[in-house]
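Here's a quick briefing to read alongside the model. Have the sequence and the 3D view open as you go.

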Amino acid sequence: MTTNTNGKSYHIYPIGQVRRSDGEIRLEIMPPYRPALKQLEHFSHVMVFWWADLVDSQEYRQVLDCHPPYAEQVLTGVFATRSPMRPNPIVMTTCKLLSVDEATGILRIADIDAFDTTPVIDLKAYFPVCDRVQQASIPAWLEGWPEWMLETGIGLEEHEADAFAS
């Protein structure tokens with residue numbers, strides 16, 4: 001819970017978690033939130049908002065700049081990166097939906113850059129009209145990245161978990 005300068009508090013509760021097993025990635029949504037999955041199976045992609053719990057500490061929340069692993073020669077502010085180390089460790093990944101089972105709360109997805117048991121805090125259906133722009137630009141230090149997400153996604157290298165171990 002955080003209180004802002006206006007004295008308002010904000011509460012974030014997990015709605016489920018990421019599960020990785022047997023080469024499959026799924027989101028397990030808790031029973032109270034399963035009715036919110038209605039009609040989601042008609043979308044090809046979902047934006048998954050998750051809490052980077054492995055870096056949720058005062059130390060990591062104070063990291064405001066970094067050398068991103070994909071451009072180590074560049075010093076950037078964390079708002080110019082996809083780093084989970086930020087004032088509020090909220091991360092968003094757009095995922096290809098493979099299946100949705102509203103009754104069990106299981107969403108099978110193609111890929112996500114989150115670890116097993118990572119808390120999921122929200123889901124939003126991907127709407128191309130709202131969630132992409134026609135003429136986006138990126139800095140020169142990111143040139144060379146593919147124009148579109150690969151079908152397999154970016155992925156998650158398991159050794160990265162060691163970087164966040166306490």
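Predicted model: local features only at pLDDT ≥ 70, side-chain atom pairs only at ≥ 80, totals over all residues.

A residue counts as exposed when its relative accessible area is over 50%, as buried when that value is under 20%, and as partly exposed in between. In outline, the chain has 10 strands and three helices, and six of the strands make a closed barrel.

**The overall layout**
- Reading along the sequence, you get β-β-β-β-β-α-β-β-β-β-β-α-α.
- The chain has 166 residues, and 31% of them count as buried.
- Looking at contacts with a separation of 6 or more, 68% come from residues 24 or more positions apart.
- The accessible surface is about 11,200 Å², with carbon and sulfur atoms supplying 54% of that.

**The barrel**
- Which strands close the barrel, and in what order? Follow β3-β4-β9-β8-β5-β10, with antiparallel pairing.
- On average, neighbouring strands of this sheet are turned by 45° against each other, ignoring direction.
- β5 sits between two antiparallel partners: seven bridges join it to β8, and five bridges join it to β10.
- To find these pairings on screen, look for Val 48, whose bridge partner in β8 is Thr 93, and for Phe 49, which stands opposite Asp 122 in β10.
- β8 also pairs with β9, again antiparallel, over four bridges. Here Asp 101 has Ile 106 of β9 as its bridge partner.
- Why is β5 described as largely enclosed by the rest of the structure? Six of its seven residues are buried.

- As a rule, nonpolar side chains in soluble globular proteins tend to be buried together.
- The largest nonpolar core here has 24 residues, and Leu 27, Leu 40, Val 48, Leu 107, Ile 112 and Leu 123 touch the most other members.
- Two or more residues each come from β4 (24–29), β5 (45–51), β8 (90–101), β9 (106–109) and β10 (119–125). β8 gives the most, with four residues.
- There's also a second, separate core of five residues, including Met 47, Trp 51, Ile 121 and Tyr 126.
- Leu 123 is a handy one to click on: leaving out residues up to four places away in sequence, it touches Ile 15, Leu 27, Ile 29, Leu 37, Val 46, Met 47, Val 48 and Leu 107.

**Salt bridges**
- How many salt bridges turn up in a search of the whole structure? The search finds seven.
- Arg 108 and Glu 24 meet through their side chains at 3.0 Å, N to O. Arg 108 is in strand β9 and Glu 24 in strand β4, so this pair ties together parts 84 residues apart in sequence.
- Arg 108 counts as partly exposed at 31% relative accessibility, and Glu 24 is partly exposed with a relative accessible area of 31%.
- Those two residues also belong to a salt-bridge network that links Glu 24, Arg 26, Glu 28 and Arg 108.
- Glu 102 forms a salt bridge with Lys 38, their closest N and O atoms being 3.0 Å apart. Glu 102 lies in the loop between β8 and β9 and Lys 38 in the loop between β4 and β5, so the pair ties together parts 64 residues apart in sequence.
- Arg 61 and Asp 56 make another salt bridge through their side chains, at 2.8 Å, N to O. Asp 56 counts as partly exposed, at 36% relative accessibility.

Key
Residues numbered from 1 in each chain as written. Heavy atoms only, no water. Buried < 20%, exposed > 50% of the residue type's maximum accessible area, 1.4 Å probe, protein only. Contact = heavy atoms within 4.5 Å. Areas by Shrake-Rupley, 256 points an atom, 1.4 Å probe, with all protein chains shown as cover. Core = buried A, V, L, I, M, F, W, Y, C linked by side-chain atoms within 4.5 Å. Pairing = 2+ DSSP bridges. Axes fitted to C-alpha atoms, helices over the stretch in contact; angles between N-to-C directions. Salt bridge = Lys/Arg side-chain N within 4 Å of Asp/Glu carboxyl O.
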